[in-house]
2 protein chains.
Amino acid sequence: MKKLKRSARLVEMTQYLLTRPHQLIPLTTFAQRYGAAKSSISEDLAIIKEVFEDEGNGELQTLAGAAGGVKYIPKMGREQALQFINQLCEKLSEPDRILPGGYLYMSDLLGQPAFMNEAGKLFATAFAGRAIDCVMTVETKGIPLAYATGAELNLPVVLVRRDHQVTEGSAVSINYVSGSHKSLHTMSLSRRALKEKSRVLIVDDFMKAGGTIQGMVDLLGEFDAEVAGVGVLVESGEVESEQRLLEDYVSLATLRAVDAKGKEISVAPGNYFTGK
Amino acid sequence: MKKLKRSARLVEMTQYLLTRPHQLIPLTTFAQRYGAAKSSISEDLAIIKEVFEDEGNGELQTLAGAAGGVKYIPKMGREQALQFINQLCEKLSEPDRILPGGYLYMSDLLGQPAFMNEAGKLFATAFAGRAIDCVMTVETKGIPLAYATGAELNLPVVLVRRDHQVTEGSAVSINYVSGSHKSLHTMSLSRRALKEKSRVLIVDDFMKAGGTIQGMVDLLGEFDAEVAGVGVLVESGEVESEQRLLEDYVSLATLRAVDAKGKEISVAPGNYFTGK
């Protein structure tokens, strides 16, 4: 136990809460930690709560009673979310991203941890109210997004592999049809990676018709698990609605069109604000 | 600009600094943001600095002068580091991790974002003083560790692929010999992923003889880039020293022996504290 002045206590409590999202912390933890009365702790928390909420940085939820405490729920405010999504659209529109075949180079964006953490915070905001046991993605490019989301929601990440690996133990494999090419692929998940009945948030970097994500949904069926939500960074708008395999998902940006000849990429915000 | 009381200002500044590691923030940024005198901001920073350093959570470096400001350097204190490494060793020793062939199941540990972030903070502590431009790993299992390290050091992550992907554009591929099986593999890096002369911190989840990491080192040569450091979560101690391809690296745990028959795994701390 250490006796701290209120000013130092506020700094420490802020740090303590920010590094423990979605965890219930009993007031007695703080009271014992700082040798302070619960009433002083409550006053401190009121100050922190106000700053967090003014900043659009998240909520402090207070639960009263013996089993009570305080929980930090990371949330990105509307203004910051708009700013982030506009920035994402702007960056995706840079014409030198166009690759042969009309593909888009995104690895520079996906390679920025701070950028990924912001995207993860957006997904954590969108799915904060749902009952979720874990975040799932398939290798490779969705991994940083899945971890960023898992970190903000304090949830483990389950990683689906393209091939069965010796380091995964016994696994369940399925075949799936990738919607855009109608080609057949395999994905595989370690038996011990996912408990039965889990509620799973699927996260990926890109979705066209949704074949890969539908593959993950099918894989969940093999584990008697269920989809709690789907979040994608970028969705392709170049899909006829009857081809789309999924209806219920959150996207941050929509790739409208890639004109390889004219070197123009048209990107719009995803359905994050408008919902589905 | 908003006028805040000192208590609220401390909460906000703490949050602001924690989310911007390794970034120089001019005092005027804070002074303008809160409509406060620089002298008050300096007093606030002194309080924050003391709490961070007492907690073993990192340093606040203050640079004087016109181009000056404050920089938060995340560091894990010795006590916390010891605790983390002991916890890692303990978890790795759980006998039900043993897979056929003497492999170890680690995906549950690698799937915990908070655990990965702590490991990343340890690497950030070990390499805080070096000049580094980016963090590199090869897919798949080292990715969360590389991002956690990149986030703490405020550096981008460069991802080496096993195969050349259409979404990566033109790429440089090399063959490498994986030391433990003496088998030949390919790895590939997008031309635009890495600038020439970059100083690169290589991070991976596991190292046996070091063939995969040596592959990344060779790949760096193709980009006229150099190794700034190597960090691995777990190294195998079952390697004769003449077989080891790398000498200079930081490991958090050493896998001494896996006795599949007796269901025993022997794990010891890596060279993090002892150095190489």
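Thr140(B) lies in the loop between β3 (134-138) and α7 (143-153) of chain B. A cis peptide bond joins this residue to Glu139(B), with omega at about 15 degrees. The model is predicted. Chains A and B are related by a turn of 180 degrees, and they bury about 3900 Å² between them. Within chain A, the domain assignment gives two parts, domain 1 (6-74) and domain 2 (78-269).

- In chain A, a cis peptide bond joins Glu139(A) and Thr140(A). Its omega is about 15 degrees.
- Thr140(A) sits in the loop between β3 (134-138) and α7 of chain A.
- Asp224(A) has a positive phi of about 55 degrees, although it is not a glycine.
- The place of Asp224(A) is the loop between α8 (211-222) and β8 (226-236) of chain A.
- Why do these spots deserve a mention? Most peptide bonds are trans, and most residues other than glycine have a negative phi.

**How the two chains are related**

- Chain A can be laid on chain B with an RMSD of 0.0 Å. The move is a turn of 180 degrees with a shift of 0.0 Å along the axis.
- This is the relation of a two-fold axis.
- Of the interface residues of chain A, 100% are also interface residues in chain B, so the copies meet through the same surface.

**Where chain A meets chain B**

- On the chain A side, 49 residues are in contact with 49 residues of chain B.
- The buried area between the chains is about 3900 Å². Carbon and sulfur atoms give 62% of that area.
- The rule finds 2 salt bridges across this interface.
- One salt bridge pairs Glu55(B) with Arg33(A). Their closest N and O atoms are 3.0 Å apart.
- There are also 16 residue pairs in polar contact between chain A and chain B, both residues at pLDDT 80 or more.
- Several elements of chain A give two or more residues to the side that touches chain B. The helices are α1 (6-18), α3 (38-55), α5 (107-110), α6 (113-126) and α7 (143-153), and the strand is β4 (157-160).
- Of these, α1(A) gives the most, with 8 residues.
- By residue type, the side of chain A that touches chain B divides into 26 nonpolar, 12 polar and 11 charged.

**Where the two domains of chain A meet**

- The C-alpha centres of domain 1 and domain 2 of chain A lie 33 Å apart.
- From domain 1 of chain A, 9 residues are in contact with 8 residues of domain 2 of chain A.
- The area buried between these domains is about 610 Å². Carbon and sulfur atoms give 42% of it.
- Which residues of domain 1 of chain A lose the most area to domain 2 of chain A? They are Pro21(A), His22(A) and Pro74(A), together 65% of what that side buries.
- Strand β2 (residues 69-74) of chain A gives the largest share of the domain 1 side that touches domain 2, with 3 residues.
- The residues on that domain 1 side of chain A divide into 4 nonpolar, 4 polar and 1 charged.

Notes: Residues are numbered from 1 along each chain as its sequence is written. Chains are lettered from A and ligands numbered from 1 in the order in which they are written. This is a predicted model: local features need pLDDT of at least 70, side-chain atom pairs count only at pLDDT 80 or more; totals for chains, interfaces and linings use all residues. Side-chain values use heavy atoms; hydrogens and water are left out. Domain bounds come from an automatic or database domain assignment. Contact means heavy atoms within 4.5 Å. Buried area is the accessible area (1.4 Å probe) that two parts lose on being put together, summed over both. Helices (H or I, at least four residues) and strands (E, at least two) are DSSP runs, numbered from the N terminus. Ala, Val, Leu, Ile, Met, Phe, Trp, Tyr, Cys and Pro count as nonpolar, Asp, Glu, Lys and Arg as charged, and the others, Gly among them, as polar. Copies are superposed by least squares on the C-alpha atoms of residues with pLDDT of at least 70 in both. A salt bridge is a side-chain nitrogen of Lys or Arg within 4 Å of a carboxyl oxygen of Asp or Glu. A polar contact is a pair of N or O atoms within 3.5 Å; within protein, one must be able to donate a hydrogen and the other to accept it, and residues adjacent in sequence count only if both atoms are side-chain atoms.
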